[in-house]
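Dear colleague,

Here is the structure we talked about passing on. My notes on it follow below.

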Amino acid sequence: MKKILALLLTLTMLMTVCVTGSADGQNENTYGAYKHVFIIGIDGAGTFFEKDYMTEFHRIFDNGAVKYGARTETKTDSGPNWTSILTGVSYFKHGAENGVVSGTQERVFKKYPSIFSVVHDAMPDAELASIVNWGAVNIGIVEDEIGVTEISIGPDDATVEAIVNYFNEGHSPALFFTQLDEVDAAGHGFGSSSAEYEKAMKEADERIGIIYDCLEENGLLEDGLFIVTADHGHKETGGHGRFSKLESYSTIAVAGKTVVSGGSMDNDVKLRDIAAISLYALGVEPTEWSFTARVPGNLFKDVSGQTRPYYRDIIDFICGGIMWIYTNLGHPLDEFF
Ligand SMILES: [Zn+2]
């Protein structure tokens, strides 16, 4: 067993060297060009941001870069996707189902640090905040021990009120995340082809505008990167979790001083890439080995697009399989190492 492990480690190191050597897309001008990253998550909104009635969204991102075909994780639920967005790790690796994220007061998969934790390690004095409607994000994804301002409050109007109060108090976080929940509720209740869903999208649009204007009034957008996204979409008749286009395609919209105006990003854009985009903007390197997010091309000026380290998923898969067989043969896991 030790020989297999040694072989895998050697293979891993070789591949790391190869990929490091060929990494592209790093550029001094855009890397670390921001003091703040704001991620606004509209649960269950999928690609419906492209509708003409999303007037605030289009006002903000007319000069930004928008990808309507960003791919969710293979399971199109909230827990898997918010976890990947905030860790840069695939669902296949972290395995965080809704129940895992919301069902425990402990962060059971703390093995995969959130980008809050990565930013905190690089900038211990930086302010960080997560103000959400779906409290599970603050239970299962955001670490409690690193000084993040964590507020879980609904309905969405109350969430936005808490956000506006937070910024009007003069806070200036390096990384900010919010999740609004009512589009998802309308999707579950009535389906994405319903008038109720459209009404919820329009209300979400207004709330995006309120948050954006609040940041602008507080002078935080000059050096701020503003991102809007959704964890998954909804079937016409409502519901998500599987592979249909309406469920598994989503949106990443990015606005900021170094963003390509009208950029549509390149192919192979995944929601988890928001983790890479955020860290890149702040000039912070990811630390988790299983991080398979990348900065897409045609997003930041002068950045051609990073290579996704798919080989890590493959090695994780092989290692996981060997460990599974080994432990199922009755050996304790610590014997493996
Ligand atoms: Zn969701």
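Of the contacts in the protein chain with a separation of 6 or more, 72% are between residues 24 or more positions apart. Please keep in mind that this is a predicted model. The protein chain has 337 residues, of which 46% are buried, and its secondary structure comes to 13 helices and 7 strands.

The sheet: 7 strands form an open sheet with mixed pairing, in the order β2-β7-β6-β1-β5-β3-β4. At its edges are β2 (65-71) and β4 (149-152), each of which pairs on one side only. From one strand to the next, the twist averages 10°.

Within the sheet, β1 (residues 36-42) runs parallel to β6 (residues 224-229), and the two pair over 6 bridges. In this pairing V37 stands opposite L225 of β6. Helix α12 (residues 273-282) packs on the sheet, where it touches β1, β5 (175-180), β6 and β7 (249-255). The direction of α12 makes about 160° with that of β1.

The core: the largest nonpolar core holds 85 residues. Which residues have the most contacts inside it? They are V37, V119, I227, V254 and L299. Leaving aside residues up to four places away in sequence, I227 touches V37, F38, I39 and I40, then I252, A253 and V254, and also I274.

Regards

Key: Residues are numbered from 1 along each chain as its sequence is written. This is a predicted model: local features need pLDDT of at least 70, side-chain atom pairs count only at pLDDT 80 or more; totals for chains, interfaces and linings use all residues. A nonpolar core is a set of buried Ala, Val, Leu, Ile, Met, Phe, Trp, Tyr and Cys residues joined through C-beta atoms within 7 Å. A residue is buried if 20 or more other C-beta atoms lie within 10 Å of its own, exposed if 12 or fewer, and partly exposed in between; C-beta atoms are placed from the backbone. Two residues are in contact if their C-beta atoms, placed from the backbone, lie within 7 Å. Helices (H or I, at least four residues) and strands (E, at least two) are DSSP runs, numbered from the N terminus. Two strands pair if DSSP finds at least two bridges between them. Axes are lines fitted to C-alpha atoms, for helices over the stretch in contact, and angles run from 0 to 180 degrees between N-to-C directions.
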